[in-house]
Each structure stands twice: as C-alpha cells, then as structure tokens.
Amino acid sequence: MKAAIYPGSFDPVTLGHLDIIERASRMFDEVTICVLDNKAKTPLFSVDERVRMLQKVCEHLPNVKVDSYYGLTVEYAKQIGAHVSIRGLRAVTDFEFELQLAQTNRMLSNDDLDTVFLTTSAKYSYLSSSGVREIAAFGGDISKCVTPYVEEQIWKKVRKNPKQD
C-alpha cells in the first residue's frame with residue numbers, strides 16, 4: 001500500500017489545501033492529513049477544531065484520514081508507516097523553503113521519507129491561510145478562499161460576517 005502524509009497547520013484549511021488533498025488522494029492508496037500542533041504559533045483555531053474542519057471538507061474522500069501530531073514529521077510518518085510527505089508549492093519562493101525542509105526530513109529519516117511536491121492549481125496560487133485570516137479580520141469576502149463550512153467556522157471566530165450586516 002502506498003501511504004502518504006500531508007503535514008501542515010491548516011489554520012484554516014483553504015481551497016488550495018483541498019485541491020492538493022484531492023489530487024494526492026488520486027495518487028496514493030491512503031493519505032493522512034496531519035495537523036501540526038505548533039506551540040510556537042498562536043492559531044485562530046485549536047488543533048481539534050482544525051481536525052474537525054478537515055474531516056468535514058474531506059468526507060467525500062474515502063482514502064483520506066485526518067490526525068494531529070506534535071513533534072517531528074519524520075517520527076509521525078514512521079509511526080504510521082508512511083514513506084512520502086506531500087507538500088504544496090504556490091511559487092518559486094515556496095520551493096526554496098520546502099526543498100530545505102524535504103532535505104532535512106530525508107536526513108532525519110535516514111532516507112526513508114521522500115517528499116512529493118504538488119504545484120497549486122493556478123486558480124488557488126494566491127491563497128494562504130494567513131491571507132484568509134487577514135481578509136476575515138477586516139470583514140472581507142473569503143467565500144472564494146474556503147468551503148462554505150470553513151467560512152462559517154471562521155465567521156464564528158471573528159464575529160464579523162459581512163453577510164449578516
């Protein structure tokens with residue numbers, strides 16, 4: 001069985017993330033989205049909330065499961081028996097960071113964890129979770145950035161739904 005992980009913060013999960021997840025689900029027998037519990041960041045959503053959002057938006061993908069972890073990605077991958085890490089690339093600037101991360105993970109895993117880079121579909125190349133959070137903080141339209149379910153969860157957090165004004 002070909003198993004892959006897709007690690008990230010997903011705060012919140014965007015349509016760009018979902019595009020990568022759907023494409024990865026066609027490439028691998030099993031894809032585990034692993035939500036990073038990063039103590040260095042102050043997220044909008046808790047780890048449990050992010051896991052629930054991802055489960056909801058991925059419920060149409062039977063070979064995709066969602067989990068959370070704290071620690072090294074290579075240790076998590078080893079724990080679940082995955083040998084591939086999925087990473088999305090929006091631009092050349094992403095590649096430089098992601099290449100270093102991939103090489104570090106490969107070294108830490110004794111060459112047991114490969115990284116597969118998927119380029120973001122052009123229609124989502126502008127999207128980032130931080131951008132979505134910023135747009136929402138100012139009451140902007142985020143409907144083209146996230147699923148309706150995720151949009152609802154964001155507005156519950158920021159309490160500035162322009163559709164209710």
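Biologist: Is C145 buried or exposed?
Modeller: In this predicted model, C145 is buried, with a relative accessible area of 5%.

Biologist: OK, changing topic to the fold. How many helices and strands are in the chain?
Modeller: The chain has six helices and five strands, and reading along the sequence gives the pattern β-α-β-α-β-α-β-α-β-α-α.

Biologist: In what order do the strands sit in the sheet?
Modeller: The five strands form an open sheet in the order β3-β2-β1-β4-β5, with parallel pairing. The edge strands are β3, covering 64–69, and β5, covering 114–119, each of which pairs on one side only. From one strand to the next, the twist averages 30 degrees.

Biologist: Which strands does α1 lie across?
Modeller: Helix α1, residues 15–27, lies across β1 (3–8), β2, β3, β4 (84–89) and β5, and runs at about 125 degrees to β5. Helix α2, residues 47–57, lies across β2 and β3, running at about 150 degrees to β2.

Biologist: There's a histidine in α1, H17. Buried or exposed?
Modeller: H17, which lies in helix α1, is buried, with a relative accessible area of 17%.

Biologist: What is H17 in contact with, leaving aside its neighbours within four places in sequence?
Modeller: With those neighbours set aside, H17 is in contact with Y6, F10, P12 and S129. Two of these contacts lead to other parts of the model. P12 has its place in the loop between β1 and α1, and the peptide bond from D11 to P12 is cis, with omega near 5 degrees. S129 belongs to helix α5, residues 129–137, where S129, V132 and A136 are buried.

Biologist: Why do those three end up on the same side of α5?
Modeller: They cover an arc of only 60 degrees around the axis, which puts them on the same side of α5. As a general point, an α-helix has 3.6 residues a turn, so residues three or four places apart point the same way.

Biologist: What covers the buried residues of α5?
Modeller: The cover includes α1 and α6, the latter being residues 148–158. Just after α5, G139 takes a positive phi of about 75 degrees.

Biologist: Which residues have a positive phi although they are not glycines?
Modeller: Among them are N110, with a positive phi of about 55 degrees, and D111, with a positive phi of about 65 degrees. N110 is found in the loop between α4 (92–108) and β5, and D111 is found in that loop between α4 and β5 too.

Biologist: Are N110 and D111 buried or exposed?
Modeller: N110 counts as exposed at 68% relative accessibility, and D111 counts as exposed at 51%, where the cut-off for that label is over 50%.

Biologist: Last topic, the chain as a whole. What radius of gyration does the chain have?
Modeller: The chain has a radius of gyration of 16 Å, which agrees with the value near 15 Å that a compact globule of 165 residues would have. Along its principal axes, the C-alpha trace spans about 55 × 30 × 30 Å.

Terms used. Residues are numbered from 1 along each chain as its sequence is written. This is a predicted model: local features need pLDDT of at least 70, side-chain atom pairs count only at pLDDT 80 or more; totals for chains, interfaces and linings use all residues. Side-chain values use heavy atoms; hydrogens and water are left out. Buried means under 20% relative accessible area, exposed over 50%, partly exposed in between (1.4 Å probe, protein chains only). Two strands pair if DSSP finds at least two bridges between them. Helices (H or I, at least four residues) and strands (E, at least two) are DSSP runs, numbered from the N terminus. Axes are lines fitted to C-alpha atoms, for helices over the stretch in contact, and angles run from 0 to 180 degrees between N-to-C directions. Contact means heavy atoms within 4.5 Å. The arc is that of the directions from the helix axis to the C-beta atoms. The radius of gyration is taken over C-alpha atoms; the globule rule is 2.2 Å times the number of residues to the power 0.38.
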